[in-house]
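Good morning, colleagues. Please take a moment to look at the sequence and the model, and then I shall go through a few of its features.

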Amino acid sequence: MIVKSLENIIGTKDETSGENWTSRRFLLKKDNVGFSMNDTLIKAGTDNFFWYKNHIEAVYCIEGEGEIEKVSTGDVYQIKPGTMYILDENDKHRLRARTQMRMVCVFNPPLVGTETHTKEGYYPLLTE
């Protein structure tokens, strides 16, 4: 059994930040469960481009409001607490946060924990 608390992750190497986001990494590849799970904050008023070409990402919004746009089609979906989306086609997307958003993000294959976004908006596929 694995039990972790957010208060024990904040301020450690398992909390990573970019200009517009902070990710608290609860589960990583080293946990050997086949996926990783993050508690992620997206700053209010930001427009973020992401493309997880090496990962499938499922996201569940638990706080805040915004929208996600599928870049290839221009389709826009509203995101609010209780909304889930999955990037099952490694979709290039824009996430626009009207207010601070808090999301639970699950990645497959799992993240190792040291990933940062490339200029193209994706995480490299790391093994260690």
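Let me begin with a term: a residue is called buried when its relative accessible area is under 20%. Please bear in mind that this is a predicted model. With that cut-off, strand β2, residues 21-27, is mostly covered, as 7 of its 7 residues are buried.

How is β2 paired? Strand β1, residues 15-17, lies antiparallel to β2 over 3 bridges, and a hairpin of 3 residues joins β1 to β2. Within this pairing, Ser17 has Thr22 of β2 as its bridge partner. Strand β2 also runs antiparallel to strand β3, residues 36-42, with 6 bridges joining them. Here Leu27 is partnered with Met37 in β3.

I turn now to the cysteines. How many disulfides does a search of the whole structure find? The search finds 0. A disulfide is a covalent bond between the sulfur atoms of two cysteines. The cut-off for such a pair is 2.5 Å. For Cys61, the closest cysteine sulfur is that of Cys105, and because the distance is 9.8 Å, it is too far for a bond. Both side chains sit under cover: Cys61 is buried with a relative accessible area of 0%, and Cys105 is buried at 5%.

Finally, the surface. Tyr60, Ile62, Met84 and Ile86 form a nonpolar patch there, and together they have about 370 Å² of accessible area. Strands β5, residues 56-63, and β8, residues 84-87, each supply at least two residues of this patch. Met84, for instance, is found in β8.

Key
Residues numbered from 1 in each chain as written. Predicted model: local features only at pLDDT ≥ 70, side-chain atom pairs only at ≥ 80, totals over all residues. Heavy atoms only, no water. Patch = residues over 30% accessible without salt bridge, like charges linked within 9 Å, V, L, I, M, F, W, Y side chains within 5 Å. Areas by Shrake-Rupley, 256 points an atom, 1.4 Å probe, with all protein chains shown as cover. Salt bridge = Lys/Arg side-chain N within 4 Å of Asp/Glu carboxyl O. Helix = DSSP H or I, 4+ residues; strand = E, 2+ residues; numbered from the N terminus. Buried < 20%, exposed > 50% of the residue type's maximum accessible area, 1.4 Å probe, protein only. Pairing = 2+ DSSP bridges.
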